[in-house]
Amino acid sequence: MATRLTAALRAFLEEPRFGVLATIDPDGLPHQSVIWYLLEDDTILMNTARGRVKERNLRRDARASLCVADGYRWVTLRGAVELIDDQTIAQADIARLAYHYQTPEAAERNIARFRTQQRVTLRLHIQQVLAEGFEA
């Protein structure tokens, strides 16, 4: 099991895969949601619409994990999330994510929709790495 982001783990995370973000509900139970992400150095960039459960949970308790899987290969990243409300930054970040995951045409359509929303950028500062299915 890996404890740091190796070159193989970085390569895996840089491919456009969906992640599952886990946050902590007020009752202490986990809340999970599928999310787009980008690996940037030792942080994970994500983005959400203001008011969603994950955003509310993270404002109350910044601890989170992101799991990215492909069959029996998986990486889980744990740490604290920084929330960025600046709309210039948040809108630019959701546009970058859209282009990473979608065709240019689909990204443009979705970016137009995202511009009508208040967005929040989420930056997961990686404190722990767990992985399986990769060479040591």
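This is a predicted model: local features need pLDDT of at least 70, side-chain atom pairs count only at pLDDT 80 or more; totals for chains, interfaces and linings use all residues.
A search of the whole structure finds 11 salt bridges. One of them joins arginine 17 to glutamate 15, with the closest N and O atoms 2.7 Å apart. Arginine 17 lies in the loop between helix H1 (7–14) and strand S1 (19–24). Its relative accessibility is 12%, under the 20% cut-off, and arginine 17 therefore counts as buried; glutamate 15, at 40%, is partly exposed. The side chain of arginine 17 also makes a polar contact with the side chain of aspartate 70 (3.2 Å). Glu15, Arg17, Asp70 and Arg73 are linked in a network of salt bridges. Leaving aside residues up to four places away in sequence, the residues touched by arginine 17 include Phe12, Tyr37, Val68 and Tyr101.

Two further salt bridges were examined. Between aspartate 61 and arginine 63, the closest N and O atoms are 2.7 Å apart. Aspartate 61 is buried at 17% relative accessibility, whereas arginine 63 is exposed at 53%. Between aspartate 93 and arginine 96, the corresponding distance is 3.1 Å. These two residues, aspartate 93 and arginine 96, are 3 residues apart in helix H3 and so are separated by about one helical turn. Aspartate 93 is buried at 7% relative accessibility, and arginine 96 is partly exposed at 37%.

In helix H4 (residues 104–114), the buried residues are Ala106, Ala107, Asn110, Ile111 and Phe114. They lie on the same side of H4, because they cover an arc of only 135° around the axis. Glu105 and Arg109, on the other side of H4, are exposed. The cover over the buried residues of H4 includes helix H3 (87–101) and strand S7 (119–132).

Technical notes: Residues are numbered from 1 along each chain as its sequence is written. Side-chain values use heavy atoms; hydrogens and water are left out. Buried means under 20% relative accessible area, exposed over 50%, partly exposed in between (1.4 Å probe, protein chains only). Helices (H or I, at least four residues) and strands (E, at least two) are DSSP runs, numbered from the N terminus. The arc is that of the directions from the helix axis to the C-beta atoms. Contact means heavy atoms within 4.5 Å. A polar contact is a pair of N or O atoms within 3.5 Å; within protein, one must be able to donate a hydrogen and the other to accept it, and residues adjacent in sequence count only if both atoms are side-chain atoms. A salt bridge is a side-chain nitrogen of Lys or Arg within 4 Å of a carboxyl oxygen of Asp or Glu.
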